[in-house]
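Please work through the exercises below with the sequence and the structure at hand. Each task is followed by a solution in steps.

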Amino acid sequence: MAQGTLEVLLVGAKGLENTDFLNNMDPYVILTCRSQEQKSSIASGKGCDLEWNENFIFSISDSVEELTLKIMDSDAGSQDDFVGEASIPLGALFTEGSLPSTAYNVVKNEEYKGEIRVALTFKSELSRGYQEEESVGGWKQSEASY
């Protein structure tokens with residue numbers, strides 16, 4: 001079982017259902033990978049076509065099956081509205097190592113509610129450990145020169 005880091009670039013979303021009838025939405029995304037949860041910034045007053053361009057990092061193993069993106073609309077003074085969610089299967093990511101910016105369907109009550117765009121990268125612990133050994137090699141060479 002490979003372990004490593006899942007890097008998520010939350011690019012943006014478009015065509016989302018507007019849950020604010022008088023104003024533009026103030027959406028944010030809750031990213032969930034097993035028990036780990038992270039939250040994006042709020043795209044204030046951006047409406048239904050959004051850009052975040054934010055990076056998130058999760059520690060995972062290749063037994064993790066999916067990443068869930070839950071889009072919420074921030075409402076001052078009342079409970080935030082659920083806009084929709086997207087589930088991204090991660091199987092292909094472990095094979096390929098990275099997936100370019102791709103649009104995934106946002107769904108609410110089994111209905112299409114727009115799309116969210118993310119790019120994914122998986123870096124295994126094995127490759128990171130190899131890089132650390134290389135930097136130690138430089139230290140050993142400097143010690144030998146005394």
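Predicted model: local features only at pLDDT ≥ 70, side-chain atom pairs only at ≥ 80, totals over all residues.

**Exercise 1.** Determine where leucine 69 lies, whether leucine 69 is buried or exposed, and which residues leucine 69 contacts beyond its neighbours within four places in sequence.

*Solution.* 
- Step 1: Leucine 69 belongs to strand 5, which covers residues 66-73.
- Step 2: The relative accessible area of leucine 69 is 0%. Buried means under 20%, so leucine 69 is buried.
- Step 3: With neighbours within four places in sequence set aside, leucine 69 is in contact with Val29, Ile30, Leu31, Gly84, Glu85, Ala86, Ile88, Ile116 and Val118.
- Step 4: The C-alpha atom of leucine 69 is separated by 6.5 Å from that of threonine 32, although these residues are 37 residues apart along the chain.

**Exercise 2.** Locate arginine 34, state its phi, and classify arginine 34 as buried or exposed.

*Solution.* 
- Step 1: Arginine 34 is found in the loop between strand 2 (27-33) and strand 3 (36-39).
- Step 2: Its phi is near 55°, a positive value in a residue other than glycine.
- Step 3: The relative accessible area of arginine 34 is 56%. Exposed means over 50%, so arginine 34 is exposed.

**Exercise 3.** Carry out the corresponding analysis for glutamate 110: which loop holds this residue, what is its phi, and is glutamate 110 buried or exposed?

*Solution.* 
- Step 1: The loop between strand 7 (98-108) and strand 8 (111-124) contains glutamate 110.
- Step 2: Glutamate 110 is not a glycine, yet its phi is positive, at about 60°.
- Step 3: Glutamate 110 is exposed, because its relative accessible area is 80%.

Methods: Residues numbered from 1 in each chain as written. Heavy atoms only, no water. Helix = DSSP H or I, 4+ residues; strand = E, 2+ residues; numbered from the N terminus. Buried < 20%, exposed > 50% of the residue type's maximum accessible area, 1.4 Å probe, protein only. Contact = heavy atoms within 4.5 Å.
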